[in-house]
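Please look over the sequence and the structure shown below.

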Amino acid sequence: MKQLVILSGKGGTGKTSVAAAFAHLACEGPSPLRAVLADADVDAANLELVLHPQRLETHDFTGGSVAVIDPERCQGCEVCEQVCHFDAILPPSPQSGSAAGGEGYAVDPIACDGCAACVYQCPEQAIRMEPQIAGCWYHSESRFGMLFHANLYPAQENSGKLVTLVKQNARLCALDGDYPIIIVDGPPGIGCPVISAAAGASLALIVAEPTVAGIHDLERVLQTTIHFRIPALVVINKADIYPQGVVEIEAVCAELDVELIGQIPFDPTVTEAMLNGEPVTAYRAESPSSQALIAIWQIVSAWLVSPGEPHA
Ligand code: SF4
Ligand code: SF4
């Protein structure tokens, strides 16, 4: 089983449009490959907006734990407030008087880092750690195949762990159904969730934009894939908006010995297709962006079938 992860240095480069087009082409393209889909952009999961899946299963995601103070036990000694390095202990308000006997100290769950230092230091054993539901993950069925996706609730951390969970379940589904490919729509950037999304990938396809910031972001993402020894290919989205940027991306790819396999022109049909909830290749196959994506998918799918051979 091969795992394709689609990455970009930042959000808004068209990564999800590419992932949705690949989901369509893998299912209904000229040389179909059965694929399981995973949306690993758990902070902004958009693939479902294009694929309109039907949810089959919903599961809670338990992130970290936060401290909770039992007001009956708390004697207001202030030890936890002194111990907490995250300013997460809220002292009693002046109006409430003494903290003893249930008036008082509380934990701000947003500020709490879950370090549990206060639990060990409280002389009254008044503090316990409670696991937090930090989001949900879903197993859904779309018209282009099974989709695993998730939502991390606002202000929650551990998105890398949730990404891993989504990918693990996509992998189990692929193993069960003997699917040859998992297509992962990765998170943008280079942080922990990206590393989780890229872990174990057979191939990373990086979507770059020919802008000054886009070129810098591309270099950072390529350094990540090179560091983790993940083979990478690059495509340029909206390639015609800044020709000099294309030249610079070509130079970056040549310098890092990474293949640039295609250029997608700026095409209003992409937005139109998104607004209509369709991958652009399904919405208007003859549009310039669809034609470019079809050519790119042929190279990527051939690479997945025969890794490492020159296909461009
Ligand atoms: S350390 Fe324990 S007893 Fe002291 S204020 Fe905090 S919760 Fe209350
Ligand atoms: S668990 Fe750590 S971060 Fe949370 S309130 Fe206690 S000391 Fe502060």
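A residue is near a molecule or strand if its C-beta atom, placed from the backbone, lies within 6 Å of it. By that rule, 14 residues surround ligand 2, and the closest are C84, A88, C112, C115 and C118. Residue classes are set as follows: Ala, Val, Leu, Ile, Met, Phe, Trp, Tyr, Cys and Pro count as nonpolar, Asp, Glu, Lys and Arg as charged, and the others, Gly among them, as polar. The shell of ligand 2 then holds 12 nonpolar, 1 polar and 1 charged residues. Ligand 1 also has 14 residues around it, of which C74, C77, V79, C80 and C122 come nearest. Its shell divides into 10 nonpolar, 2 polar and 2 charged residues.

The model is predicted: local features need pLDDT of at least 70 and side-chain atom pairs count only at pLDDT 80 or more, while totals for chains, interfaces and linings use all residues. Residues are numbered from 1 along each chain as its sequence is written, and chains are lettered from A and ligands numbered from 1 in the order in which they are written.

Next comes the chain as a whole. Its C-alpha atoms fill a box of roughly 75 × 40 × 35 Å along the principal axes. The chain has 11 helices and 11 strands; these are DSSP runs (H or I over at least four residues for helices, E over at least two for strands), numbered from the N terminus. A residue is called buried if 20 or more other C-beta atoms lie within 10 Å of its own, exposed if 12 or fewer do, and partly exposed in between, with C-beta atoms placed from the backbone. Of the 312 residues, 45% count as buried. Two residues are in contact if their C-beta atoms, placed from the backbone, lie within 7 Å. Among contacts with a separation of 6 or more, 76% join residues 24 or more positions apart.

How are the strands arranged in the open sheet? There are 9 of them, in the order 3-6-7-2-8-1-9-10-11, with mixed pairing; two strands pair if DSSP finds at least two bridges between them. Strand 3 (54-69) and strand 11 (259-264) are the edges, each pairing on one side only. From one strand to the next the twist averages 20 degrees, with axes fitted as lines to C-alpha atoms (for helices over the stretch in contact) and angles running from 0 to 180 degrees between N-to-C directions.

Strand 7 (residues 145-152) shows both kinds of pairing. With strand 6 (residues 127-142) the pairing is antiparallel over 8 bridges, and a hairpin of 2 residues joins the two. Here S140 stands opposite L147, and E141 has M146 as its bridge partner. With strand 2, strand 7 pairs in the parallel sense over 2 bridges, and L147 is the bridge partner of L37. Strand 7 is mostly covered, as 8 of its 8 residues are buried.

Helix 11 (residues 288-305) lies across strands 1, 8, 9, 10 and 11, at about 155 degrees to strand 11.

A nonpolar core is a set of buried Ala, Val, Leu, Ile, Met, Phe, Trp, Tyr and Cys residues joined through C-beta atoms within 7 Å. The largest has 79 residues, and L4, A23, L37, V166, I183, L205 and I206 have the most contacts inside it. Helix 1 gives the most to this core, with 8 residues. A second, separate core has 14 residues, including A88, I89, Y105 and V107. Leaving out residues up to four places away in sequence, L37 touches A23, L47, S142, F144, G145, M146, L147 and I183.

Some single residues remain. A116, in the loop between strand 5 (106-107) and helix 4 (117-121), has a positive phi near 70 degrees although A116 is not glycine. A116 counts as partly exposed because 15 C-beta neighbours lie inside 10 Å. Q125, in the loop between helix 4 and strand 6, also has a positive phi, near 50 degrees. Is Q125 buried or exposed? Q125 is exposed, because 10 other C-beta atoms lie within 10 Å.
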